[in-house]
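Open your viewer, switch to a cartoon view and keep the selection tool handy.

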Amino acid sequence: MKARIQWAGEALFLGESGSGHAVVMDGPPESGGRNLGVRPMEMLLIGLGGCTNFDVVSILKKSRQPVESCEAFLEAERADEDPKVFTKIHVHFVVKGRGLKEAQVKRAVELSADKYCSASIMLGRAGVEITHDYEIIELGA
């Protein structure tokens with residue numbers, strides 16, 4: 001896996017993935033940025049959310065669960081002093097569908113957290129306390 005990050009002046013950076021997709025990152029005004037893109041640490045949190053949500057949806061589909069929507073809401077705490085690493089991250093899944101089985105949703109979340117989500121497992125091994133929970137919303141007919 002490769003990436004290229006190019007400085008575009010002030011606190012603005014353009015990131016390009018090895019697959020050719022681009023993203024804008026910028027710092028806050030108090031750090032010389034213009035607030036034109038996500039912060040790099042936000043990008044890391046978004047990456048974790050995307051990784052684990054991808055897993056949960058994939059596992060539910062393979063389990064033939066009628067999932068119609070899955071959102072992951074993440075909240076993170078960071079250290080007060082530099083380096084301001086993540087210390088805690090909580091992931092809350094909201095899974096919607098018709099006739100979803102709670103045991104299957106629970107299993108999908110646990111498998112992602114414990115076995116499949118590379119981002120979550122990597123951050124956990126680095127000392128970040130990561131917790132997960134979920135809610136299921138039954139959609140009407």
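Which residue in β2 is the bridge partner of Ala3? Select Ser17, which holds that place in β2.

Before going further, a word on the ground rules. This is a predicted model, in which local features need pLDDT of at least 70 and side-chain atom pairs count only at pLDDT 80 or more, while totals for chains, interfaces and linings use all residues. Residues are numbered from 1 along each chain as its sequence is written, and side-chain values use heavy atoms, with hydrogens and water left out.

**Stop 1: the first sheet**

Select β1, β2 and β3. Strands here are DSSP runs of E of at least two residues, and helices are runs of H or I of at least four, numbered from the N terminus. Two strands pair if DSSP finds at least two bridges between them. These three form an open sheet in the order β1-β2-β3, with antiparallel pairing. β1 (3-7) and β3 (22-26) are at the edges with a single partner strand each, so one side of each has no neighbour in the sheet. On average, neighbouring strands are turned by 20 degrees against each other, direction ignored; axes are lines fitted to C-alpha atoms, for helices over the stretch in contact, and angles run from 0 to 180 degrees between N-to-C directions. Between β1 and β2 you can look for five bridges.

**Stop 2: Glu16**

Stay in β2 (residues 12-17) and pick Glu16. Its relative accessibility is 32%, so Glu16 counts as partly exposed (buried is under 20% relative accessible area, exposed over 50%, partly exposed in between, with a 1.4 Å probe and protein chains only). Leaving aside residues up to four places away in sequence, Glu16 touches Ala3, Arg4, His21 and Ala22; a contact means heavy atoms within 4.5 Å. For a sense of scale, draw a C-alpha to C-alpha distance from Glu16 to Glu102: 39 Å in space, for 86 residues in sequence.

**Stop 3**

Now select β4, β5 and β6, an open sheet in the order β4-β5-β6 with mixed pairing. The edge strands, β4 and β6 (129-138), each pair on one side only. Neighbouring strands of this sheet are turned by 15 degrees against each other on average, direction ignored. β5 and β6 run parallel, paired over 10 bridges, and His92 stands opposite Asp133 in β6.

**Stop 4: the nonpolar core**

Which residues have the most contacts inside the largest nonpolar core? Select Val56, Leu60, Ile89, Phe93 and Val95, within a core of 21 residues. Such a core is a set of buried Ala, Val, Leu, Ile, Met, Phe, Trp, Tyr and Cys residues joined through side-chain atoms within 4.5 Å. At least two core residues come from each of α1 (40-62), β4 (67-78), β5 (86-97), α2 (102-116) and α3 (118-125). Zoom in on Phe93, whose contacts beyond four places in sequence include Val56, Cys70, Val109 and Tyr134.

**Stop 5: the cysteines**

Finally, how many disulfides does a search of the whole structure find? The search finds zero, taking a disulfide as a pair of cysteine sulfur atoms within 2.5 Å. Cys51 is in none, and its nearest cysteine sulfur, that of Cys117, is 3.1 Å away. Cys70 is in none either, with the sulfur of Cys117 nearest at 12 Å. Cys51 is partly exposed at 22% relative accessibility, whereas Cys70 is buried at 15%.
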